[in-house]
Amino acid sequence: MPISNAAFVRSTIILLIAGMIALLGIVGTSLLLGSKVQAYFAELIEIRATRSAAADLLSTLKDAETGQRGFVITGEAGFRAPYDDALKAVSERQKSLAEKAARFPEYAARIPTIDRLIADKLGELADTVTAIQEGRSSDAVAQVKTDRGRILMDQLRDQLGNIMDDADRRLQEGVVDMLWSAGALRWTTIIGAIAIIGVMGGAATVVAQYTRDIVVARREVETLNATLERRVDERTEELIRANQEVQRFAYIVTHDLRAPLVNIMGFTSELQASLSSIQNYVLADGKAPSEADILEARRAASEDLPEAIGFIRSSTKKMDGLINAILKISRDGRRELRIERVDLKALVEGGAAAVNHQVSESDGEVTIDGNLPTVISDRLSLEQVFGNLFDNAIKYQSPGRPLRVSVSARNGGRAGFVIEFTDNGRGIAPEDHERVFELFRRSGTQDKPGEGIGLAHVRSLMRNLGGDIVIRSELGQGATFVLRLPPDLSKVVRSMQA
Amino acid sequence: MNGLGKEVTIVMIEDDEGHARLIEKNIRRAGVHNEVVPFTNGTEALDFVLGKDRSGLASAGRFLLILLDLNLPDMSGIDILQKIKTNTHTKRLPVVILTTTDDEREIQRCYDLGANVYITKPVEYESFAHAIRQLGLFFSVIQIPETQ
């Protein structure tokens, strides 16, 4: 079933909305993940800076200690240089670390401790260096020996090392997070791409389906148009045929009714002529009628009058008969058809049985094909059709030739069933093939009684059943009546009403 | 009435007895006393005019006037007219069509096929007499007897 316009619009809109949502989702997720990556990256940079600040500070402190140690051991000013340099840089480094750690509360919390430890360490270093300068090297050594400097340094190493370790850990984590985000971003893009392809595919399918439906619908319309034209042609042909038939019928009826009327008119004037001669004799009023008058009057009374009256009477009788025949055909045409299943084989066998006596009288034989179909039609009409055909076959059999009648059927496709009724009788000349189906018309030698109604009746019955009857014959060669019958009369009736 | 000294036979092909009787009466009233040979169907009439073998030789040298009803039981009068008018031996025989209809196309058709006079029934005595006399004239003037 083709999808309707509304359904097409609805599904297209749904697909468009789905596609839009998918795109928005992808864009949103991408932005989110992008900004997250940026944030991670910024944090990583800061952590790295903090770590390097811590490392720098530690190494500066180590430099200071190294310088102090060298100076204490050697007492030479040259060894003091690293100490002096470190001393100059240390506060700078301290400030740098403090700044960078300020963003991380857990690091910032350590800064006071570190500051205090640095102050103590620098104090211890300064004490020893001052002692050496003043020549109190034993004091300085004693000072170093107290191990306070080493402990302070260890503590500082701990504190700064902690910061560096923590920063390392965070860097590690940050990288993992970033990788995860990058992965998520990739997956989002892939999923989004799949979603878009899906939506596009769906839209393409809907459009293709719709287009296909339109093509199918158009083809249907075209087929309908084509069959419509054919049906119109068929109907027109039928109408033309029916019209010609009506005209032909009117012609025959008026012609045939006029023939007895001509007799009535002609013999009425003959009557009048005879009447005047009788009047001459009867109404002579005393004068003796002449010899010729008497003779004429006698002839009129004995011959002309009875003849004229006889013809007038036979003509009126003939007219009456014609009118009755026309009425019968007209009544049959108007009879309500009773549509039912009719087994043609049984029906034709019944028709053959009815004439069995006459057939066997002339040593004849009737062959009925086993394949006669069952149709849905009017039984009475078909009985009359085959009854008439059997009667004709017997009536017009060739003298001296045993009668052979065969009835067979085949499927004529669109034409319906084609039933052939063949006899070996005297046949009908080709120029009379149409004539025999006309009312009151007969063919060949008029040696059999009949009014020329049978085949006209058969044809009108067959046409009432949606079929037709034609003849194939040569004079003296027998005749084949070809009947066309639709398999289902109810369909014919329906299509007529449609 | 005669054709070049030979008696003309009137062939009347008319299936309706009453019509045949009326026509004969009118012929007689018109003062024509030639022999009238009546036929009530086409087959017998053609047997007479064209012979059983339909060769037309039967009518060679005969002088016939044919009165033809178009409406016959066994064949159409038009067919008879055509057969007579296409046969070399009979094509010059005058044919009077007698019919009950005055259908113009039919009249035209008959004249096309060679009918000489077309008369619509009921036959008026006057017109019939006139036509017969005319044909009598026809006979003596136009008919060229066959050499046989």
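**Close-up views of the predicted model**

Of the 498 residues of chain A, 26% count as buried (20 or more other C-beta atoms within 10 Å of the residue's own, C-beta atoms being placed from the backbone; 12 or fewer is exposed, and in between is partly exposed). The model is predicted: local features need pLDDT of at least 70, side-chain atom pairs count only at pLDDT 80 or more, and totals for chains, interfaces and linings use all residues. Residues are numbered from 1 along each chain as its sequence is written, while chains are lettered from A and ligands numbered from 1 in the order in which they are written.

**View 1. Chain A has 12 helices and seven strands.** Helices (H or I, at least four residues) and strands (E, at least two) are DSSP runs numbered from the N terminus. Among contacts in chain A with a separation of 6 or more, 72% are between residues 24 or more positions apart; a contact requires C-beta atoms, placed from the backbone, within 7 Å.

**View 2. Helix H1 (residues 5–74) of chain A packs against H6(A), their axes coming within 8 Å.** The two cross at roughly 165 degrees, and H1(A) and H6(A) are therefore roughly antiparallel. Axes are lines fitted to C-alpha atoms, for helices over the stretch in contact, and angles run from 0 to 180 degrees between N-to-C directions. Angles under 35 degrees count as roughly parallel, over 145 as roughly antiparallel, 65 to 115 as roughly perpendicular and the rest as oblique. The crossing of H1(A) and H6(A) is left-handed (the near helix is turned anticlockwise from the far one by less than a right angle; clockwise is right-handed). Their contact holds 34 nonpolar, 13 polar and nine charged residues. Ala, Val, Leu, Ile, Met, Phe, Trp, Tyr, Cys and Pro count as nonpolar, Asp, Glu, Lys and Arg as charged, and the others, Gly among them, as polar.

**View 3. Helix H8 (residues 344–354) and helix H10 (residues 379–395) of chain A pack with their axes 9 Å apart.** The angle is about 40 degrees, so H8(A) and H10(A) are oblique to each other. Their crossing is right-handed. H8(A) contributes A:Leu347, A:Val348, A:Gly351, A:Ala352 and A:Ala354 to the contact, and H10(A) contributes A:Leu382, A:Glu383, A:Phe386, A:Gly387 and A:Phe390. H8(A) also lies across S2 and S4 of chain A, at about 175 degrees to S2(A).

**View 4. Five strands of chain A form an open sheet in the order S2-S4-S5-S7-S6, with mixed pairing.** Strand S2 (365–368) and strand S6 (468–473) of chain A are at the edges with a single partner strand each, so one side of each has no neighbour in the sheet. Strands pair if DSSP finds at least two bridges between them. On average, neighbouring strands are turned by 15 degrees against each other, direction ignored.

**View 5. Strand S5 (residues 417–423) of chain A runs antiparallel to strand S4 (residues 404–411) of chain A, joined by seven bridges.** S4(A) and S5(A) form a hairpin with five residues between them, and A:Gly413 in the turn has a positive phi of about 65 degrees. A:Arg410 has A:Val418 as its bridge partner, and A:Ala409 stands opposite A:Ile419. Seven bridges also join S5(A) to strand S7 (residues 479–485) of chain A, again antiparallel, where A:Ile419 stands opposite A:Leu483. The covered face of S5(A) has A:Phe417, A:Ile419, A:Phe421 and A:Asp423; the uncovered face has A:Val418, A:Glu420 and A:Thr422.

Terms used. Contact = placed C-beta atoms within 7 Å.
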